[in-house]
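Hi,

Here is the structure I said I would pass on to you. Please have a look at it first, and then read my notes below.

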Amino acid sequence: MANWRNTTERWGDIARILHWTIAVMILALIAVGAIMTDMEGSPQKYQIYMMHKSAGLLVLGLVLCRIVWRLSSRKPKAVPSIPWYMNAAAEITHWGLYVLMLAIPLSGWLMNSYANFPLNWFGIEGLRVPNLTTVPAEIGWERAKEMGEIHGALAWLLLFIVAVHAGAALFHHFVRKDPILARMTPFIREPKA
């Protein structure tokens, strides 16, 4: 039975769907981003870049939905056995993830804008992605390169924090045997203490 809304005990289906959809998309985008920069001379390069940029903008939209949902819905209550400092670290980590999930696609969009490269969202005519800024071509490419370095560095930072986040969830599940992982992950039962 679907439980779309969050409860005091678990994240609802909307939060879970957004969480896992965004997570899978981000990991795929980071992998594609790492590969596509080495595709010099490949005939598929333009298509892959366009799909990467379009999917990044889709993630931006999904993250905005996730933030609105998080702010407008109750969140499960804290597990009493978890110390306050772990809850505080989790809260800081979650908001750090949100900041990075916004900053990375915005930096990619800015990079594309500085380069003044035309982009139709997923190649669909009529769905032109507007530039966030316009600068003269002589400085645009330099700024696009700088923004590309920021974009890449933020993506690697996000990957590191996601690894820490996943590691903490596994630690809670297998070592502390508390319900943190089961609250957000479908088909995972709370561990027996």
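**What I found**

Buried positions in helix α1 are A15, R16, L18, H19, I22, M25, I26, L29, I30, G33 and M36. Please keep in mind that this is a predicted model. The cover over those buried α1 residues includes α2 (45-72), α3 (84-115), α4 (137-176) and α5 (180-184). As for α1 itself, the helix runs over residues 13-36, 24 residues in total. From first C-alpha to last, α1 reaches 34 Å, close to the 34 Å expected at 1.5 Å a residue.

Next, a helix pair. Two packed helices are described by the angle between their axes and the distance between the axes. For α3 and α4, the axes come within 8 Å and cross at roughly 155°. Angles over 145 degrees count as roughly antiparallel, and α3 and α4 are therefore roughly antiparallel to each other. The crossing of α3 past α4 is left-handed. Sorted by class, the residues in the contact of α3 with α4 are 20 nonpolar, 9 polar and 2 charged.

Finally, some backbone angles for you. Most residues other than glycine have a negative phi. F122, which is not a glycine, has a positive phi of about 50°. F122 sits in the loop between α3 and α4, and its 28% relative accessibility is why F122 counts as partly exposed. F187 also has a positive value, with phi near 70°. This residue, F187, lies in the segment after α5 and counts as exposed because its relative accessibility is 86%.

Best wishes

Methods
Residues are numbered from 1 along each chain as its sequence is written. This is a predicted model: local features need pLDDT of at least 70, side-chain atom pairs count only at pLDDT 80 or more; totals for chains, interfaces and linings use all residues. Side-chain values use heavy atoms; hydrogens and water are left out. Helices (H or I, at least four residues) and strands (E, at least two) are DSSP runs, numbered from the N terminus. The expected span of a helix is 1.5 Å times one less than its number of residues. Buried means under 20% relative accessible area, exposed over 50%, partly exposed in between (1.4 Å probe, protein chains only). Contact means heavy atoms within 4.5 Å. Axes are lines fitted to C-alpha atoms, for helices over the stretch in contact, and angles run from 0 to 180 degrees between N-to-C directions. Angles under 35 degrees count as roughly parallel, over 145 as roughly antiparallel, 65 to 115 as roughly perpendicular and the rest as oblique. A crossing is left-handed if the near helix is turned anticlockwise from the far one by less than a right angle, and right-handed if clockwise. Ala, Val, Leu, Ile, Met, Phe, Trp, Tyr, Cys and Pro count as nonpolar, Asp, Glu, Lys and Arg as charged, and the others, Gly among them, as polar.
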